[in-house]
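Welcome, and please open the structure in your viewer. We will go from stop to stop, with something to select at each one.

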Amino acid sequence: MMNRPFAGIRVVEGALQYPGPYCGMLLAQLGAEVVKLETPGAGDAARHLPGFFNSINCSKKSITLNLKTPQAREILHRLIPSFDVFTEGFRPGVGKRLGIDYPTLSGIHPGLVYCSITGYGQDGPYHHLPGHDLNYQAVSGMLDGCFKDPVGGYIQPGIALGDVTAGLFAALSIAAAIARRNTDGKGCYIDVSMTDGLVSLLSTHIGTFQDTGTTRRTRDAGYGIYKTGDGSYIALGIAHEDWFWDRLAAALDLPDLVGIAGMKRREKRGQLAERLQGAFLEKPRDELLRILENADIPASPINSVAGALEDPHLNERQMFLELLSPAGSAMKGLNYPAKFQDTTLYEPAPPPGLGQHNENILQKLGYSEDDIAGFKDNGVI
């Protein structure tokens with residue numbers, strides 16, 4: 001059995017709510033030890049949404065520190081030398097005011113990889129502005145480029161793409177920094193901007209705009225969502241392939257549609273989509289899916305979240321892991337979405353209770369039971 005890629009890597013997760021914990025989840029799934037740094041009493045603000053919190057905080061530890069107190073900052077300073085990575089999600093300047101910025105912590109541990117995750121980054125005209133995911137999608141061009149209805153109105157996305165993208169780029173950047181540190185022994189500072197990550201996602205839209213003056217393009221009639229006879233829906237995924245289109249026309253008994261080339265299918269999308277919709281309404285979803293699968297046509301059911309949790313393909317791919325929530329109820333944790341040969345990446349464990357590992361971590365730092373009791377009494381932990 002191969003070692004987990006991040007076995008032996010230790011992370012202090014000070015960036016909370018969504019992007020930081022999503023990053024930490026990925027690192028934990030790759031074998032890192034991740035310790036959440038939370039505020040006493042309140043903890044990560046996401047804790048008030050238990051399902052949300054639990055989904056991205058499995059197999060972590062939790063320590064509480066009131067960083068507004070000098071004793072808590074001293075504890076963190078004693079903790080840092082035994083860790084490899086520190087993440088934080090404060091607005092620019094807050095870390096410095098608290099005495100936990102990169103110059104301070106890297107002075108204690110020169111090999112530290114320090115990752116800041118913010119909405120707009122550490123510099124630029126917007127760096128000081130407050131915001132949430134919708135703001136970052138608006139500034140990046142994501143909303144206008146990807147989320148408009150057929151009449152030009154904006155659609156509010158149902159997923160916080162900026163948060164998720166920032167978590168992904170943070171994890172990738174941390175992995176790159178650790179790889180470099182393995183060669184030169186030096187830590188580094190990483191500035192992750194949610195807005196910048198969304199701009200990166202728009203790479204092909206930006207390229208298309210520069211080439212044509214617009215990001216709009218008409219899709220193939222075979223690429224879309226169609227209602228079936230039983231009121232369900234399927235996603236049809238013919239992007240441009242003539243051979244898939246001809247198989248579809250034959251499978252749906254629409255022989256006059258055979259031979260229509262890709263460019264013509266885009267030009268006549270409305271008319272052709274209407275013909276396809278009529279054919280799809282003649283049969284229930286599952287029968288249609290069998291017909292399309294037998295004809296080797298890219299089509300899939302549109303799962304609900306509940307349906308995805310029960311989907312046989314996703315379960316055979318081991319995307320969901322059975323474990324208990326902190327309250328003791330059954331829950332499904334997420335597995336890492338890539339497979340490493342001969343490696344079991346993830347040992348699932350419930351998300352931590354707030355401050356669950358205070359005593360264990362503090363004792364390893366040399367603090368006595370009396371010290372820890374005093375920290376509790378004085379609101380340090």
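## First stop: a buried ring

Select Phe-86, which has a relative accessibility of 1% and therefore counts as buried, the cut-off being under 20%. Keep in mind during the tour that this is a predicted model.

How far apart are the ring centres of Phe-86 and Tyr-114? The centres lie 5.2 Å apart, and because the planes meet at 45°, the pair is tilted. Colour the strands next: Phe-86 belongs to strand β4 (residues 85-88), while Tyr-114 belongs to strand β5 (residues 113-118), so the pair ties together parts that are 28 residues apart in sequence.

Ring pairs join Phe-86, Tyr-102, Tyr-114 and Tyr-189 into a cluster.

## Second stop: two tyrosines

Across the whole structure, a search turns up 12 aromatic pairs. For one of them, select Tyr-18 and Tyr-22: their rings are edge-to-face, 6.5 Å centre to centre, with 85° between the planes. Are these two residues buried or exposed? Both Tyr-18 and Tyr-22 are buried.

Select Arg-10 together with Phe-83. Here the charged end of Arg-10 sits over the Phe-83 ring, at 4.1 Å from the ring centre.

Then move to Arg-78 and Tyr-367. Arg-78 lies over the face of Tyr-367, and the distance to the ring centre is 4.1 Å.

## Last stop: the whole protein

Clear the selection, zoom out and switch to a cartoon view. How many helices and strands does the protein have? There are 18 helices and 11 strands.

Next, colour by burial. Of the 381 residues in the protein, 42% are buried. If your viewer can draw contacts, consider those with a separation of 6 or more: residues 24 or more positions apart account for 67% of them.

The protein exposes about 19,600 Å², and 53% of that comes from carbon and sulfur atoms.

Technical notes
Residues numbered from 1 in each chain as written. Predicted model: local features only at pLDDT ≥ 70, side-chain atom pairs only at ≥ 80, totals over all residues. Heavy atoms only, no water. Phe/Tyr/Trp six-rings, centres within 6.5 Å; stacked < 30°, edge-to-face > 60°. Buried < 20%, exposed > 50% of the residue type's maximum accessible area, 1.4 Å probe, protein only. Helix = DSSP H or I, 4+ residues; strand = E, 2+ residues; numbered from the N terminus. Lys NZ or Arg CZ within 6 Å of the ring centre and 35° of its normal. Contact = heavy atoms within 4.5 Å. Areas by Shrake-Rupley, 256 points an atom, 1.4 Å probe, with all protein chains shown as cover.
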